[in-house]
Amino acid sequence: MSLFNTATNFPVGTNPNSVVVGDFNKDGKPDIATSNNGSENISILLGTGTGSFGTATNFNIGVSPISLALGDFNSDGNIDIASMWISEEKGQVAILLGNGTGSFGAPKSFDTGQDDGKSDRGYSIGVGDFNSDGKLDLATIHDSGNVSTLLGTGTGSFGAPIKWNWGDPFPRSVVVEDFNADGKLDLAITDYYSDTDNIWILLGTGTGSFGVPAKFNAGEFPYGLATGDFNADNKPDLAVANIGSDSVSILLGTGTGSFGAPTNFNAGASANSVAVADFNGDNKSDLAVTNDDGVSILLGNGTGSFGVTTNFVAGNNPYLVAVGDFNTDGKTDLVTTNYNSNNVSVFLNNSDGAADGSDKEDNDTGGVSVSLIETKATEGGANASYDLKLTSQPKASVTITLTTGNQIQSIAPVTFTPNNWNVAQTVTVKAVDDKVAEGTDSTSITHTATSTDAKYNQIVVSEVTVAIEDNDTTPTPTPTPKPTPAIEDEDNDTNTDTDAKAKADI
């Protein structure tokens, strides 16, 4: 039995390059967004939950977009889009705020920085909270050799770019991960035209900046990049698609920010993008790699090694690959953008592996990943946000109930299913504006997991500590007026109006 069914193609804009998967209309079914270089727009395909999609709705950018990333940039609980767009003179990123119905507002562009006299063309964008304030930030890479950090305000806007020069030009992909287990987000970048075929690692400081870059070898002309745990040691590893050597390189992480020597596996002619998921239901990470012939699947054995490729035909010139469960059967499917045929190819998973673990022992433990353990919200001002995600696929729905206390507005429960368990859900934190001057204070959000799946029911989930910034001031006390001394008359009686009138009549 073939691992995937024959691809079904869905039209999008002209020359689609990047693709991302998210639930843009909050119906619990994965949707698709593509950036379209030729038509200078972004296409949204809303999923039906059956593996099919509605007609694409296009949102104009006005310039040629080259990459996409998702996040809740204005803390309203809806997925927004960040798009890097092509310019030979300067780098810019466009933000499209989602309304939760599958539609998006007009794009607003933010400068990512520029070196005088140099092209600062942007290529890829990463999203994360780089300064630990509970608000999503952006990291963009440019062919000037710069990384730019744009710190988010939590309102859909970003501050001025902070540039970090990491040396070599011609980067192509960036991923965000905590590679050294210090609770601060780091970056990995592919260096396409490097003489030594480098992968660069920039360790985050948690303040919005990064340390001195360290480089590690990959294959020839590294292009696409993804993270995963390929040897089941709970430390993030790297998978790199190498256009020049028609291979994918696996670099096993040490958990300290360093990586071992690459192991290379054949991945088809001009391998240019890679995605990670468990495609055959054996609880081991596999790879999907786009190449000149379509998409190739490499099944992992859980030790950091992979089998020979199985190839599937996509459209004309497949560019990028992403994953999602498009027909809600609990198995991971694929989507590729096809640059020359102006469509996407959707591959539905046809594996006979039991996604719910019913025909094999389930050796996974339940867990809930919490993206932040400390954040900050302001009364009557900026909200905070963090993400929740399950660490393994449940057999039944898992509901996370959030308890906030009296300083944070109530937050609706978050529910994960066997279909969307690995899709992060954003929790928006709003402080209660109580009009009482209390100064800076803090409180905690606790999480309670309930499920008929025993491995998830009542498991321990990390708390989130929220610093509450007060917008009230203590009023200045009004002075108590002093009483006017009484005036005594000649009889030593207290002077009254009657006495005053009597004396006036004398």
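Apart from neighbours within four places in sequence, Leu-390 is in contact with Gly-367, Val-368, Val-398, Phe-416, Trp-421 and Tyr-456, where contact means heavy atoms within 4.5 Å. The model is predicted, so local features need pLDDT of at least 70 and side-chain atom pairs count only at pLDDT 80 or more, while totals for chains, interfaces and linings use all residues. Residues are numbered from 1 along each chain as its sequence is written, and side-chain values use heavy atoms, with hydrogens and water left out.

**The chain as a whole**

- The chain holds one helix and 36 strands; helices (H or I, at least four residues) and strands (E, at least two) are DSSP runs numbered from the N terminus.
- Of the 506 residues in the chain, 51% are buried; buried means under 20% relative accessible area, exposed means over 50%, and partly exposed lies in between, with a 1.4 Å probe and protein chains only.
- The accessible surface comes to about 21600 Å², and 48% of this surface belongs to carbon and sulfur atoms; such areas come from the Shrake-Rupley method with a 1.4 Å probe, and for residues only the protein chains shown count as cover.
- Among contacts between residues at least 6 apart in sequence, 49% join residues at least 24 apart.

**Nonpolar cores**

- In soluble globular proteins, nonpolar side chains tend to be buried together.
- The largest nonpolar core has 27 residues; a nonpolar core is a set of buried Ala, Val, Leu, Ile, Met, Phe, Trp, Tyr and Cys residues joined through side-chain atoms within 4.5 Å.
- Tyr-386, Leu-388, Ile-400, Val-427, Val-429, Ile-445 and Val-466 have the most contacts inside this largest core.
- Two or more residues of this core come from each of β29 (368–370), β31, β32 (398–403), β33 (414–416), β34 (425–429), β35 (441–451) and β36 (464–469).
- Strand β31 gives the most to this core, with four residues.
- A second, separate core of 14 residues includes Ala-239, Phe-265, Val-274 and Phe-306.

**Strand β31 and its residues**

- Leu-390 lies in strand β31, which spans residues 384–390.
- Leu-390 counts as buried because its relative accessibility is 2%.
- Leu-390 and Gly-367 are 23 residues apart along the chain, and their C-alpha atoms are separated by 5.8 Å.
- Leu-388, leaving aside neighbours within four places in sequence, has contacts that include Val-368, Val-370, Ile-400, Val-414, Phe-416, Val-427 and His-447.

**The open sheet β6 to β9**

- Strands of a sheet pair through backbone hydrogen bonds, either parallel or antiparallel.
- Four strands form an open sheet in the order β6-β7-β8-β9, with antiparallel pairing; two strands pair if DSSP finds at least two bridges between them.
- β6 (65–71) and β9 (108–111) stand at the edges with a single partner strand each, so one side of each has no neighbour in the sheet.
- The twist averages 25° from one strand to the next; axes are lines fitted to C-alpha atoms, for helices over the stretch in contact, and angles run from 0 to 180 degrees between N-to-C directions.
- Strand β7 (residues 80–85) runs antiparallel to strand β8 (residues 92–96), and five bridges join the two.
- Ala-82 has Ile-95 in β8 as its bridge partner.

- Strand β16 (residues 198–202) is mostly covered, with five of its five residues buried.
- Strand β15 (residues 186–191) pairs with β16 in the antiparallel sense over four bridges, and Ile-189 stands opposite Trp-200 in β16.
- β16 also pairs with strand β17 (residues 214–217), again antiparallel and over four bridges, and Ile-201 stands opposite Ala-214 in β17.

**Two buried serines**

- Ser-173 lies in strand β14 (residues 171–177) and counts as buried because its relative accessibility is 13%.
- The side chain of Ser-173 reaches the backbone oxygen of Tyr-223 at 2.7 Å; a polar contact is a pair of N or O atoms within 3.5 Å, where within protein one must be able to donate a hydrogen and the other to accept it, and residues adjacent in sequence count only if both atoms are side-chain atoms.
- Ser-173 and Tyr-123 are 50 residues apart in sequence and 7.1 Å apart in space, C-alpha to C-alpha.
- Ser-64 is placed in the loop between β5 (57–60) and β6 and is buried, with a relative accessible area of 17%.
- A polar atom of the Ser-64 side chain lies 3.0 Å from the backbone oxygen of Asn-37.
- Not counting residues up to four places away in sequence, Ser-64 touches Asn-37, Glu-40, Trp-85 and Ile-86.
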